Amino acid sequence: MTIFPPPDPDPMALRQALARLRAERGWSYDELAARSGLSRRTLIEVEQGRTIGSLGTWHALAHALGVPLGELLDSLCAGHERPGSER
């Protein structure tokens with residue numbers, strides 16, 4: 001049996017998902033900052049790809065946006081099959 005390493009995650013797709021969800025709600029960075037407890041600067045840096053953010057950052061964003069964390073992070077698998085989808 002050959003074991004292959006997992007494919008690389010797609011952080012650009014994650015950032016795009018964040019930008020899309022924010023835009024769908026019509027929220028500015030200031031609005032999302034107020035709802036998530038994160039700084040405006042952090043949000044800009046995450047959305048523009050200057051940092052990936054921590055798990056705590058993404059957890060706060062998921063709660064603020066009203067989406068399950070797994071659904072938000074699922075975009076990391078853009079371009080390849082998600083684990084468990086081969087069943």
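A nonpolar core is a set of buried Ala, Val, Leu, Ile, Met, Phe, Trp, Tyr and Cys residues joined through side-chain atoms within 4.5 Å. In this predicted model, the largest such core has 20 residues. The protein is built from five helices and zero strands, and its mean pLDDT is 91.

**Overall fold and confidence**

- Along the sequence the protein reads α-α-α-α-α.
- The C-alpha atoms fill a box of roughly 50 × 25 × 20 Å along the principal axes.
- The protein has 87 residues, of which 32% count as buried.
- Among contacts between residues at least 6 apart in sequence, 53% join residues at least 24 apart.
- A pLDDT of 70 or more is reached by 95% of the residues.
- Confidence is lowest in helix α5 (residues 69–73), with a mean of 92, and highest in helix α2 (residues 29–36), with a mean of 98.

**The nonpolar core**

- In the core of 20 residues, those with the most contacts inside it are L18, L32, L43, W58, L61, L65 and L72.
- Two or more residues each come from α1, α2, α3 and α4 (55–65).
- The element that gives the most to this core is α4, with six residues.
- In soluble globular proteins, nonpolar side chains tend to be buried together.
- L43 belongs to helix α3 and counts as buried because its relative accessible area is 2%, where the cut-off for buried is under 20%.
- Beyond four places in sequence, L43 touches Y29, L32, A33, S36, L38 and L61.
- L43 and E24 are 19 residues apart in sequence, and their C-alpha atoms are 16 Å apart in space.
- L61 has contacts with L18, L32, S36, L38, L43 and L72, again leaving out residues up to four places away in sequence.

**Helix α4 and its ends**

- The buried residues in α4 are T57, W58, A60, L61, A62, A64 and L65.
- The cover over these buried residues includes α1, α2, α3 and α5.
- At the start of α4, a side-chain oxygen of S54 comes to within 3.3 Å of the backbone nitrogen of G56.
- After α4 comes G66, which has a positive phi, near 75 degrees.

**E47 and the residues around it**

- E47 lies in helix α3 (residues 40–47).
- With a relative accessible area of 13%, E47 is buried.
- The side chain of E47 makes a polar contact of 2.7 Å with that of R22 and another, of 3.0 Å, with that of Y29.
- R22 also lies over the face of Y29, at 4.0 Å from the ring centre.
- Not counting residues up to four places away in sequence, E47 touches R15, L18, A19, R22 and Y29.
- A19 and E47 are 28 residues apart in sequence, but their C-alpha atoms are 6.5 Å apart in space.

**Other ring contacts**

- The charged end of R25 sits over the ring of W27, 5.9 Å from the ring centre.
- The structure holds zero aromatic pairs.

**The segment after α5**

- S75 is placed in the segment after α5.
- S75 is buried, with a relative accessible area of 15%.
- Leaving aside neighbours within four places in sequence, S75 is in contact with D10, A13, L14 and A17.

Methods
Residues numbered from 1 in each chain as written. Predicted model: local features only at pLDDT ≥ 70, side-chain atom pairs only at ≥ 80, totals over all residues. Heavy atoms only, no water. pLDDT = per-residue confidence, 0-100. Helix = DSSP H or I, 4+ residues; strand = E, 2+ residues; numbered from the N terminus. Phe/Tyr/Trp six-rings, centres within 6.5 Å; stacked < 30°, edge-to-face > 60°. Lys NZ or Arg CZ within 6 Å of the ring centre and 35° of its normal. Buried < 20%, exposed > 50% of the residue type's maximum accessible area, 1.4 Å probe, protein only. Polar contact = N/O pair within 3.5 Å; in protein donor to acceptor, adjacent residues only side chain to side chain. Contact = heavy atoms within 4.5 Å.
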